[in-house]
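Here's a quick briefing to read alongside the model. Have the sequence and coordinates open as you go.

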Amino acid sequence: LVFQFLTELTRLFQKCRLSGSVFITLKKYDGRTKPIPRKGSVEGFEPSDNKCLLRATDGKKKISTVVS
């Protein structure tokens with residue numbers, strides 16, 4: 001999965017080499033797919049391990065992966 005992300009990231013960089021930008025963001029990822037409600041909390045949720053969500057975009061195409 002990470003290999004596919006790196007392949008697509010390389011394509012993004014090559015496409016934007018002469019003109020354009022690629023934006024990369026990295027954030028902590030706890031495995032949740034829904035946002036945490038402001039009031040109250042989800043009891044008993046334990047993330048399995050430390051993970052990061054890595055995203056890249058050129059403004060048109062977006063790619064992402066989760067890295068342990």
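How many bridges join β1 to strand β2, and which way do the two run? Seven bridges join β1 to β2 (residues 51–57), and the two strands run antiparallel. Before going further, note that this is a predicted model: local features need pLDDT of at least 70, side-chain atom pairs count only at pLDDT 80 or more, and totals for chains, interfaces and linings use all residues. Residues are numbered from 1 along each chain as its sequence is written, and side-chain values use heavy atoms, with hydrogens and water left out.

**Sheet and helix**
- The sheet is open, with three strands in the order β1-β2-β3 and antiparallel pairing (strands pair if DSSP finds at least two bridges between them).
- β1 (23–29) and β3 (62–67) sit at the edges with a single partner strand each, so one side of each has no neighbour in the sheet.
- Helices (H or I, at least four residues) and strands (E, at least two) are DSSP runs, numbered from the N terminus.

**Core and buried spots**
- F5, L9, L12, C16, V22, A56 and I63 make up the largest nonpolar core (buried Ala, Val, Leu, Ile, Met, Phe, Trp, Tyr and Cys residues joined through side-chain atoms within 4.5 Å).
- Helix α1 (residues 2–15) gives the most to this core, three residues.
- T65 in strand β3 is buried at 5% relative accessible area (buried is under 20%, exposed over 50%, partly exposed in between, with a 1.4 Å probe and protein chains only).
- Beyond neighbours within four places in sequence, T65 has contacts including F5 and C52 (heavy atoms within 4.5 Å).

**Salt bridges**
- The whole structure has four of them (a side-chain nitrogen of Lys or Arg within 4 Å of a carboxyl oxygen of Asp or Glu).
- E8, R11 and K61 are linked in a network; E8 reaches R11 at 2.6 Å between the closest N and O atoms, and K61 at 2.6 Å.
- E8 is in helix α1 and K61 in the loop between β2 and β3, so this pair ties together parts 53 residues apart in sequence.
- K15 pairs with D58 at 2.9 Å between the closest N and O atoms; K15 is exposed at 51%, whereas D58 is buried at 15%.
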